[in-house]
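Good morning, and thank you for making time for this presentation. Please look at the sequence and the structure as I show them.

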Amino acid sequence: MYQAYANAINAYARASEAQTGVRAILRIYDRMYHRLYLAKEARLNGDFETEFNSVEVVLKALIGLRSNLNFKQGGKVALTLKEYYTNLISQINYRYKAADKIEHYDNILQQVNVMRSAWAALAGEPSSQSLQREEEHVRA
């Protein structure tokens, strides 16, 4: 289990070196959104293995993002992000107990989309157009 988290952290570190930090985070959010959408679709189709595997990727990414926060440099923003990541992890883990699991996924997807849009604004990139295209691609 520890090795999986270490791999996620190392992947984030490598991505950060290859791109600007904000763009690397955008790519992580894109992947999280894509995997959450796949998990939702898998739940709808009763494919619980794909749902589990997709969610695991998202949880590893969130843990990696949270563990790479710089509280000295980031101050209150870093604390807010830590709370956000922790809350999102809890919500994702709660999905099995949710009365309406699909609505629960939709809520999580919306939250990821909102945060991704905020990061996109910092990077000067489109907010959520790529995510909408992603949903269309998965449906096709």
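I begin with Gly 124, which takes a positive phi of about 70° just after helix H5. Helices here are DSSP runs of H or I with at least four residues, strands are runs of E with at least two, and both are numbered from the N terminus.

A word on the source. This is a predicted model, in which local features need pLDDT of at least 70 and side-chain atom pairs count only at pLDDT 80 or more, while totals for chains, interfaces and linings use all residues. Residues are numbered from 1 along each chain as its sequence is written, and side-chain values use heavy atoms, with hydrogens and water left out.

Now the overall picture. The protein has 6 helices and 0 strands. Of its 140 residues, 37% are buried, meaning under 20% relative accessible area with a 1.4 Å probe and protein chains only, where exposed is over 50% and partly exposed lies in between. Contact means heavy atoms within 4.5 Å. Among contacts with a separation of 6 or more, 62% join residues 24 or more positions apart.

Let me return to H5. Its 23 residues should span 33 Å at 1.5 Å a residue, and the end C-alpha atoms are 33 Å apart, which agrees. The expected span is 1.5 Å times one less than the number of residues. At the start of H5, a side-chain oxygen of Asp 100 reaches to within 3.2 Å of the backbone nitrogen of Ile 102. The buried residues of H5 include His 104, Ile 108, Arg 116 and Trp 119.

How does Arg 116 come to be classed as buried or exposed? Its relative accessibility is 1%, so Arg 116 counts as buried. The side chain of Arg 116 makes a polar contact with the side chain of Asp 30, at 2.5 Å. A polar contact is a pair of N or O atoms within 3.5 Å; within protein, one must be able to donate a hydrogen and the other to accept it, and residues adjacent in sequence count only if both atoms are side-chain atoms. Arg 116 and Tyr 33 are 83 residues apart in sequence, and 9.0 Å apart in space from C-alpha to C-alpha.

The buried residues of H4 pack against H2, H3 and H5. One of these buried residues is Gln 91, which counts as buried because its relative accessibility is 17%. Beyond its neighbours within four places in sequence, Gln 91 is in contact with His 104, Asn 107, Ile 108 and Gln 111.

Finally, the core. The largest nonpolar core has 31 residues, of which Tyr 29, Tyr 85 and Ile 92 touch the most other members. Such a core is a set of buried Ala, Val, Leu, Ile, Met, Phe, Trp, Tyr and Cys residues joined through side-chain atoms within 4.5 Å. Helices H2, H3, H4 and H5 each give two or more residues to this core, and H2 gives the most, with 9 residues. Not counting residues up to four places away in sequence, Tyr 85 touches Tyr 29, Leu 62, Leu 65, Arg 66, Leu 69 and Trp 119.
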